[in-house]
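Please have the sequence and the structure open while reading.

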Amino acid sequence: MMKPIVRMLSMTSLLWLAVVAQAQTALQVELTIRDDTPQARIDPNVYGQFAEHLGRGIYEGIWVGPASPIPNTRGYRTDVLEALKKLGIPVLRWPGGCFADEYHWRDGIGPREQRPVHVNTNWGGVEESNAFGTHEFLDFAELLGAKAYVSGNVGSGTPQEMAEWVEYITSQTNSALAQLRRKNGRDKPWPLPFFGVGNETWGCGGSMRPEHSADLHKQFATFIKAPQDNKPLIVASGANASNTAWTEVLLREAVKHMDAITLHYYTIPTGRWDKKGSATQFDESEWIITLSRTLRMDEVLANHTKIMDKYDPDKRVGLFVDEWGTWYDTEPGTKPDFLYQQNSLRDALVAAINLNVFHKHAERVRMTNIAQMVNVLQAMILTQGDQMVLTPTYHVFEMYKPFRGATSLPTEMTSPRYELGDIDVPAVHASAARDTNGRVHVGLANLDPHRTATLTIARASRSSGAPTGRVLTAPTMQSFNSFERPQTLVPAPLEVHRQGGRLIVTLPPKSVAVVSQ
Ligand code: AHR
């Protein structure tokens, strides 16, 4: 007979073996790409960015000024500029966010040393030097090769101020405003493809009822006049998350006066603003809940789309998700209102899931802007003095580049679930698209942090061409790129095998991959 201690040990070993066996059992996933029923083109602007006057997003993150010891190109830090150029930013939203509805554009033009200093009341009450203004933003967008998306001030501004800003940027005439622009150093007008009429008018942009917001939208939009060949698309201030009632009123009252309406949806692990959860100190329960809250984006978009279809059956108006991403507690030791947070492998999964969902909704979702580009929330890039680090989210955006401008293809998948406690999610999340050269790309996320996933990928039509793959993963869910170890997470090649007409690929646990053929 076994002695009790020996029995206990063998029970523990059995349990351990069971855990190891589960971890080693690969998930078997069947994925079919319906390339016989292509859908909408994925607008490259789905890969857009957002930079607000918030924390170290603009100042330090992008703009250090020409006199800075940090290497810079006419005041823009060169390392960040070059990294963003590599990523290829299709469109950049500025100056906010909440900041936009307190921003008066005239404060940010003319000689920098004469510009007035204000208080950034939304973000920490810090001094706003106005050193980065209209010229600095539009020149930066030009350097990046990005389209400009300017958000105007409805909450504390006037229709006249907004109209004059558009005239200052776009007029080719000899009007006083065009001449002022020339005096300030810019002869030709800048292209202005997108103009936002206010931001979050239900909240920091004016605490309005949707009816009032719709009326103001029409009033302000009426006076935005620009030359025929440089007319911006007019973007209305839309809903927060699942508030479809807002979308309904805005569309019902003002659909003819807008080209797009916005939607903001953030992933907050706890769902609570007072304690959102840490960016790097989290356990598996926070991992799964973060991913499951991200997956809700699909339903949120479907619900807003349904309302839009009612008032805009021809689908003229775009849905711009111009703020999305993770929002955690700020990094310990940093200013709470600066919204600086680390970016881990979990953020890479959040980015991939959201991008997969946007591909699926490509018909309506024609622009998105992750919040925010540098040093704020789910950033592409973090800086510290003269150092810069590329985040896992940057790498996902880079890996997903082939999807820009490609045609979205539906996918059918049989995937086991990944479960923890009372939450269960699909273990693998995917999207597919065909680019203009006929190559098909599959974006994949393995949400399960323990099990590898063996995928069999089939296409409805015959496939040919050499398959390639890239993967992003790390030793732990919490792994991130620090200033000391900036290469902890970088994309690596992924083996893809062909078996008959199918592709076989093995995704490591907790990973993001792009497979192309
Ligand atoms: O991105 C941070 C803030 O979140 C934006 O300023 C605002 O629009 C939103 O509430």
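## Burial and the model

A residue counts as buried when its relative accessible area is under 20%, as exposed when that area is over 50%, and as partly exposed in between. The model is predicted. Phenylalanine 358 has a relative accessibility of 1% and therefore counts as buried.

## Helix H10

Phenylalanine 358 belongs to helix H10, which runs over residues 345-360 and has 16 residues. From first C-alpha to last, H10 reaches 23 Å, close to the expected 22 Å. Of its 16 residues, 15 are buried, so the helix is mostly covered.

At the start of H10, the backbone nitrogen of arginine 346 has a side-chain oxygen of serine 344 within 3.0 Å. Arginine 346 also lies over the face of phenylalanine 282, 3.7 Å from the ring centre.

## Aromatic pairs

How many aromatic pairs does the structure hold? The count is 22. One of them joins tryptophan 63 and tyrosine 76, edge-to-face, with 5.2 Å centre to centre and 75 degrees between the planes. Tryptophan 63 lies in the loop between strands E2 (48-50) and E3 (72-73), while tyrosine 76 is in strand E4 (residues 76-77), so the pair links parts of the chain 13 residues apart. Both residues are buried.

Tryptophan 324 counts as buried because its relative accessibility is 0%.

## Ring cluster and a charge over a ring

Trp63 and Tyr76 are also part of a cluster linked by ring pairs. Other members include Trp94, Phe99, Tyr103, Trp105, Phe132 and Phe137.

Another arginine faces a ring elsewhere: the charged end of arginine 93 sits over phenylalanine 50, 4.5 Å from the centre of the ring.

## The disulfide

The structure has 1 disulfide. It joins cysteine 98 to cysteine 204, with an S to S distance of 2.2 Å. The link is left-handed, at -90 degrees about the S-S bond. Its two ends are 106 residues apart: cysteine 98 is in the loop between strands E5 (91-94) and E6 (118-120), and cysteine 204 is in the loop between strand E9 (194-197) and helix H6 (210-222).

Is each cysteine buried or partly exposed? Cysteine 98 is buried, because its relative accessible area is 12%. Cysteine 204, at 32%, is partly exposed.

Note on methods
Residues numbered from 1 in each chain as written. Predicted model: local features only at pLDDT ≥ 70, side-chain atom pairs only at ≥ 80, totals over all residues. Heavy atoms only, no water. Helix = DSSP H or I, 4+ residues; strand = E, 2+ residues; numbered from the N terminus. Expected span 1.5 Å × (residues − 1). Buried < 20%, exposed > 50% of the residue type's maximum accessible area, 1.4 Å probe, protein only. Polar contact = N/O pair within 3.5 Å; in protein donor to acceptor, adjacent residues only side chain to side chain. Phe/Tyr/Trp six-rings, centres within 6.5 Å; stacked < 30°, edge-to-face > 60°. Lys NZ or Arg CZ within 6 Å of the ring centre and 35° of its normal. Disulfide = S-S within 2.5 Å.
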